[in-house]
Amino acid sequence: MLFRYLLILMLLLPIKAFGLIEVDITRGNLSPLPIAVTPLSIDDKSKKSFEKILKKKDIAAEISTVIENNLKQSGLFNPLNKDAFLQKSDIAHLKPRFEDWALIKAQALITGKVTFVDEKIRVEFRLWDVLAGKEMMALAFTTVSSNWRRVGHIITDKVYERLTGEKGYFDTRIIYVAEEGPKTNRIKKLAIMDQDGFNTKYLTLGNELVLTPRFNPTNQMVTYLSYFRNLPRVYLLDIETGIQEVVGDFPGMTFAPRFSPDGRKIIMSFAMDGNSDIYTMDLENRIVERITNHPSIDTSPSYSPNNKYICFNSDRSGYQQIYVMKSDGSNVKRISFGKGIYGTPVWSPRGDLIAFTKMHKGKFYIGVMRTNGSGERLLTENFYQEAPSWSPNGRVLIFYRETKTDEKGEGFSAKLWSIDLTGYNERLVETETDASDPSWSSLLSN
Amino acid sequence: MTRNIIISSTFHLIIILIAAMSLPFLAKKPIDLPPIISVELIQITNVTNIPFAPKAKKIIEKVKKKKKEKLVSEQAPPKTVKREKPDAVPLPDKKIEKIKKQEDKKQNPEKIDNEAKQVSEFEKKELFDPNNIAALIDKSKEEAAETTNKLFKVAQDQDKNVDIAGLTLSEEDALKAQIFSCWSIPLGLPYNKNLLVRIKLKLKPDGTVIRSEILDHARMNKPGQGFYKVLAESALRAIKLCQPLRVPTKGYERWKNLQLNFDAREMLEG
């Protein structure tokens, strides 16, 4: 009975229903995210201890500078000027006044604290969402004091991943060929440094010409081409131990080496009697396998991240172009059809793109295309530049560029440059000497 | 033999005819079609046939009665009008005729709804129109004041007219443009995945967000969907940064619950 009354009452009630309005937001801005990186707070006792060990006056501020520079270099973040900060970092680390940070247009906030514990450095940091007024992440790292720069890089990676949705690339190293002297008598040494240009170390003495060093994606092994006793051959070098060895016993010249994504094989070119083909060598059992067999010059091989395909360049069509084949050498397909000559193809770690160098009308371009050859985009052009190498997250490319040093066009300088996939964020990577043939390592903290 | 010749001739004739009809088109240049311009179609029946809001009707009737007694403007509430000036000025005859006409156009009481009542409350305040008082003193302003009132009534009716539909194109565009500028799209998202985040909002009449709710919240904690959390957070940040949202000034009931579908795929695929 009660139910009937309720039913009648409901029918009598004037009801007006509105359909839910939906609005599709398909565009946004791609401008850098405003982020406030506060100087990490540190107590006086820890400060003095670090000053004694590391000869750094304020290690906490130095770490926050590392983080800030990394974020700025990525082009995806806009670290705000510290002079505009309204709240002190030591208080902000515990409980930020979000209104103060929102007032200076910060959308994210990084706070932290450094302490000296048992001769080690302990860094804790927090990432805050200023607009939502909540903590997004809080982590602490403890390591030997000399590793303080790496801590800054690791924190940047965590922040980057949390805010962009992809892995960072800051706790990485770059191996390259350091060059000194005139062009006719160039001394080339293998060098390794952090991705931001710090902590440079030289791995060879410069007695032999070295070229095309490449990192193993899974560990700290490097493969490269060396003209030891004027015989160009592919070598393998363990960075940790310094031990090196020749890869394979080939009767002729081997060059353009690169590791497979699982790190088990080396793929390279072997040239003999004017013909060069692609070979692989298994690093465990040393079995050599021939992949291409064509009278043309096949070189610069690079595996896809799933190991199933290989891209390489070949002049089998008359001009040097990019080809893709299955990793057993079957089903070879040409994928570059634009004007000019294409070379040095490198498969992206994400698997979706292939980076290349293109030469056309006397200019050199670094570009990317999809793995089927579509969607070619030229990211940068210059007088001479080549050898792109991907960051481990597949967002940034590092390459080298040669420039004339004076107006007469005499003298030249080779430097490392990086550019992201948008093509807008192009930056010079600082090196101690001239540099060429860079190769990006995988994340060290994986 | 003859039969074959006839068949052959017929087919040849057909081919010649087809060629004669279609070949001239090959010589012609393709028609250069102008770009398509989207046009919003609006039902204007109600606009042209302006109904009065129910409360306003009652108030107008009251005012008219008082006007007849006092011979003042039908839109001047008795309390606020100073006696010295308006009372002293009698309405012209033409004006009275117009009032009668408006009385004839009484709207159908069955169409009364809650929203119309709210609007009429607003109109009640607007009935005290300084322009109209001025018109009593200066007759030249009379026409202008009437036009203003008519425009207001048309706007009022448009408001009623859209409350059954969604946002108009211009309203939607204004809201989109605002949110576009606030939404910093995380660039590292995998563009080949589903990058749609649906957020339901409850809004205040001024566009401030009372409550926001992610509709596919369960996706946040699913394995392999870490990017979704990043995307959803960026969308929430955009809403917070943008508020108060640029919503229409009228028809609150219509848009007090709003769903925003953030889709980053188009931007990231480029």
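**Figure 1. The right-handed crossing of helices H8 and H9 in chain B.** In this predicted model, helix H8 of chain B, which covers residues 169–182, and helix H9 of chain B, which covers residues 226–242, cross in a right-handed way. Their axes come within 8 Å and cross at roughly 115°, and angles from 65 to 115 degrees count as roughly perpendicular, so H8(B) and H9(B) are described as roughly perpendicular to each other. On the side of H8(B), the residues that meet the other helix are B:Gln178, B:Ile179 and B:Cys182, while H9(B) contributes B:Ala238, B:Leu241 and B:Cys242. Sorted by class, the residues of this contact comprise 5 nonpolar and 1 polar, with no charged residue among them.

**Figure 2. The cis peptide bond between B:Gln243 and B:Pro244.** The peptide bond that joins B:Gln243 to B:Pro244 is cis, with an omega of about 5°. Most peptide bonds, by contrast, are trans. As for its place in the chain, B:Pro244 belongs to the loop between H9 and helix H10 of chain B, the latter being formed by residues 252–255.

**Figure 3. The contact between chain A and chain B.** Here 26 residues of chain A are in contact with 39 residues of chain B. Two elements of chain A, strand E1 (21–25) and helix H6 (148–164), each supply at least two residues of the side that touches chain B, and E1(A) gives the most to this side, with 5 residues. When the residues on the side of chain A that touches chain B are sorted by class, 12 are nonpolar, 7 are polar and 7 are charged.

**Figure 4. A strand of chain A paired with a strand of chain B.** Strand E1 of chain A also pairs with strand E3 of chain B, which is made up of residues 257–263, and this pairing is in the parallel sense over 5 bridges. To follow one of these pairs in the view, the student may look for A:Ile25, whose bridge partner in E3(B) is B:Phe262.

**Figure 5. An open sheet of 4 strands in chain A.** The strands of this open sheet are arranged in the order E23-E24-E25-E26, and their pairing is antiparallel. At the edges are strand E23 (341–347) and strand E26 (377–382) of chain A, each of which pairs on one side only. On average, and with direction ignored, neighbouring strands of the sheet are turned by 20° against each other. Strand E25 of chain A, which holds residues 363–370, runs antiparallel to E26(A) and is joined to it by 5 bridges; A:Gly367 stands opposite A:Leu378 in E26(A).

**Figure 6. Positive phi values at A:Ser300 and A:Asn331.** Most residues other than glycine have a negative phi. A:Ser300, however, has a positive phi near 50°, and the phi of A:Asn331 is likewise positive, near 55°. A:Ser300 counts as buried because it has 26 C-beta neighbours inside 10 Å, where 20 or more are needed. A:Asn331 has 9 other C-beta atoms within 10 Å and is therefore exposed, since 12 or fewer place a residue in that class.

Key
Residues are numbered from 1 along each chain as its sequence is written. Chains are lettered from A and ligands numbered from 1 in the order in which they are written. This is a predicted model: local features need pLDDT of at least 70, side-chain atom pairs count only at pLDDT 80 or more; totals for chains, interfaces and linings use all residues. Two residues are in contact if their C-beta atoms, placed from the backbone, lie within 7 Å. Ala, Val, Leu, Ile, Met, Phe, Trp, Tyr, Cys and Pro count as nonpolar, Asp, Glu, Lys and Arg as charged, and the others, Gly among them, as polar. Two strands pair if DSSP finds at least two bridges between them. Axes are lines fitted to C-alpha atoms, for helices over the stretch in contact, and angles run from 0 to 180 degrees between N-to-C directions. Angles under 35 degrees count as roughly parallel, over 145 as roughly antiparallel, 65 to 115 as roughly perpendicular and the rest as oblique. A crossing is left-handed if the near helix is turned anticlockwise from the far one by less than a right angle, and right-handed if clockwise.
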